Amino acid sequence: MEEDLQLLKQGAEAKVYKCTYLGLPCIVKERFQKNYRHPDLDACITKERIRNEARAIARCKSVGVKTPCLYLVDFDRRRIYMEHFTHSISVKDVLISLKSELKDEIDVPAVSKNVAVMIGAAVRRLHDSNMIHGDLTTSNMLLVPRYLKDKKEFRWHDYSELELSLIDFGLSYVESKAEDKGVDLYVLERALISTHNDYPDIFNEIMLGYTRKGEAEVAETLAKFKEVQARGRKRTMVG
Ligand SMILES: Nc1ncnc2c1ncn2[C@@H]1O[C@H](COP(=O)(O)OP(=O)(O)O)[C@@H](O)[C@H]1O
Ligand SMILES: [Mg+2]
């Protein structure tokens, strides 16, 4: 059938290829074997990650969180096939390029705040459906143009035309506890501090998006988040 895979990204756990599947732009994510793990354990973990990813994509679809469409799961080849957002850009790359080549051209604080609010709203929707992402980083969020009138005219920073898609659900799971949601937010905060320390307000802006639908309903999650944060601080202080 498909084949003619072109390597796009090589990560620590998986290779990401592009190809076409039934004529559609497709991403193939192939999780490779980790030699330091016992082969049986490795196969087991890999299968679980693939299953988590497929399950989360299906669940996201049913609750209106944007993700790539799932096309096919091939456990034997450790692969998952999904929709390729051909003109997408990761939030990580957006935030980095906003600070470099584009900074004179556009209103950086306004664009980054808008993206942050979108992130917060998406994570809130996820958590309201009792899904924990497990690896919330800016590489695992893509900005996808809503429609492409003219490829040449497409400017990703015309953010009113962009949607946010979450990806990389291998560590995701279903859980209603506020503690797990708080930890999910804490993982995101840590990722932002280490990757985007030139955006000191971004996490607060994300939280504006997170609480926009109502703060009372997530009071427990926010309290747990603060608890986890305080525990983290203590750990760093002790060394
Ligand atoms: N559906 C997709 N459309 C466009 N780009 C994608 C898609 N899925 C993954 N990518 C790109 O590949 C990268 C790695 O994919 P990801 O699922 O996060 O795997 P990893 O486990 O290696 O982090 C992403 O950061 C993104 O740049
Ligand atoms: Mg990733």
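Is Cys 69 buried, partly exposed or exposed? In this predicted model, Cys 69 counts as partly exposed, because its relative accessibility is 30%.

## Cysteines

The structure holds 0 disulfides. For Cys 69, the closest cysteine sulfur is that of Cys 26, and the two sulfurs are 11 Å apart, which is too far for a bond.

Cys 19 also has Cys 26 as the residue with the closest cysteine sulfur, here at 4.0 Å. A disulfide needs the two sulfur atoms within 2.5 Å, so the separation of 4.0 Å between Cys 19 and Cys 26 is too far for a bond. Cys 19 counts as buried, with a relative accessibility of 9%.

Asn 140 has a relative accessible area of 7% and is buried, whereas Asp 168, at 22%, is partly exposed. The cut-off for buried is under 20% relative accessible area, so Asp 168 with its 22% is classed as partly exposed.

Strand β8 covers residues 141–145, and Pro 145 is found in it. Pro 145 is buried, with a relative accessible area of 12%. Between the C-alpha atoms of Pro 145 and Asn 130 there are 27 Å, with the two residues 15 apart along the chain.

Tyr 147 lies in the loop between β8 and β9. Its relative accessibility is 40%, so Tyr 147 counts as partly exposed. Tyr 147 and Glu 161 are 14 residues apart along the chain, and their C-alpha atoms are separated by 7.3 Å.

## Helices α4 and α5

Two packed helices are described by the angle between their axes and by the distance between those axes. Helix α4 (residues 178–195) packs with α5 at an angle of about 145°, and their axes are 10 Å apart. The crossing of the two helices is right-handed.

On the α4 side, the contact is made by Lys 181, Leu 185, Leu 188, Glu 189 and Leu 192. These meet Ile 202, Phe 203, Ile 206, Met 207 and Tyr 210 in α5. The residues of this contact comprise 8 nonpolar and 2 charged, with no polar ones.

Helix α5 (residues 202–211) is mostly covered, with 8 of its 10 residues buried. The buried residues in α5 include Ile 202, Phe 203, Ile 206, Met 207 and Tyr 210, each of which meets α4. Also buried in α5 are Glu 205, Gly 209 and Thr 211.

## The loop between α4 and α5

Where is His 196 found? His 196 is in the loop between α4 and α5. With a relative accessible area of 2%, His 196 is buried.

Neighbours within four places in sequence are left aside for the contacts of His 196. The residues in contact with His 196 are then Lys 92, Leu 95, Ile 96, Thr 138 and Ala 191.

Technical notes
Residues numbered from 1 in each chain as written. Chains lettered and ligands numbered in written order. Predicted model: local features only at pLDDT ≥ 70, side-chain atom pairs only at ≥ 80, totals over all residues. Heavy atoms only, no water. Buried < 20%, exposed > 50% of the residue type's maximum accessible area, 1.4 Å probe, protein only. Helix = DSSP H or I, 4+ residues; strand = E, 2+ residues; numbered from the N terminus. Axes fitted to C-alpha atoms, helices over the stretch in contact; angles between N-to-C directions. Left-handed = near helix turned anticlockwise from the far one by under 90°. Contact = heavy atoms within 4.5 Å. Nonpolar A, V, L, I, M, F, W, Y, C, P; charged D, E, K, R; others polar.
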